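I opened this notebook to record what I looked up in the structure. The entries follow in the order in which I made them.

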Amino acid sequence: NTIEESDRLLDMINTMLVISKARAGAGEFEFETVDISAMLADVCDLYMPLAEDRQVDIVTDIEEGLSLRADRRMFQRVIANLLDNALKFTPADGCVSIFAQNQENEILLSVADTGPGIDPEFHEKIFRRFFRIESSRTSTGTGLGLSLVRTIIEQHNGRVEVESRPGEGARFLITLPLEYLS
C-alpha cells in the first residue's frame, strides 16, 4: 500500500511539474512528425482489455495518414487520459467513441462517452488543477488529468473543449491547426 501511494504521489508531482513548466514557457517538449492515426489505434488497442473488462465498446473513426508535429510522449498522455476518463465514467454496455479527421486546415479529434455527462456550469472548471466534480470524488484521480490535457494541447497551438449535458455523456473535442501537420 505504501509503495502504491508513493507511486501515486510521485505521478501527481510529476504531472504538476509538467503543467507548471509548460505554463511558464519552460516545457521540455520534443516535437517530431508523429503518425497520429497509428498512435490513436495503438492507444485504443492498449485500452481494449480494460474496456472489455468493463463491458464498454470502443468505436473508432480515425482517418488514415494523419500526421502532426507533436511531442509523441505528451500527446500519448492526452489520448490516454481522455480514454481513461471516458472508460471510468461509462457504465457497462456503454460506448466510447474516438474520432479523428483532417477538416478545413485543422485536425479534429474527439473522445466521446455514454457516461453521466457534465453539467455546463462545470465545463471550464474541469480543466482547472485539482478541480473534481462532487459526483466524481468517489472515483480515483487527482483532478490534474484534464488540466494536463489542456496544457499539452495548448503547447501544440491547439484547443480542447467539452460538449456535454447531464445524462447525455461527454465529448471532448481537440482542434489542432494544420500548420502543425507535416
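Which residues does S37 touch, not counting residues up to four places away in sequence? I looked this up in the model, which is a predicted one. I found I62, E63, E64, G65 and L66 in touch with S37.

I then placed S37 in the secondary structure and found it in helix α2, which covers residues 36–53.

I turned to the nonpolar core. The largest one has 45 residues, and I noted F75, I98 and F172 as those with the most contacts inside it. Helix α3, residues 72–89, gives the most to this core, with eight residues.

I followed I98 further. Leaving aside neighbours within four places in sequence, I listed its contacts as L40, C44, I58, V59, T60, D61, I62, L83, S110 and V111.

Last, I recorded the protein as a whole. I counted four helices and seven strands, and read their pattern along the sequence as α-β-α-β-β-α-β-β-α-β-β. Of the 182 residues, 44% are buried. Among contacts with a separation of 6 or more, 72% join residues 24 or more positions apart. The protein exposes about 9,900 Å², and I noted that carbon and sulfur atoms supply 47% of this area.

Conventions:
Residues are numbered from 1 along each chain as its sequence is written. This is a predicted model: local features need pLDDT of at least 70, side-chain atom pairs count only at pLDDT 80 or more; totals for chains, interfaces and linings use all residues. Side-chain values use heavy atoms; hydrogens and water are left out. A nonpolar core is a set of buried Ala, Val, Leu, Ile, Met, Phe, Trp, Tyr and Cys residues joined through side-chain atoms within 4.5 Å. Buried means under 20% relative accessible area, exposed over 50%, partly exposed in between (1.4 Å probe, protein chains only). Helices (H or I, at least four residues) and strands (E, at least two) are DSSP runs, numbered from the N terminus. Contact means heavy atoms within 4.5 Å. Accessible areas come from the Shrake-Rupley method with a 1.4 Å probe; for residues, only the protein chains shown count as cover.
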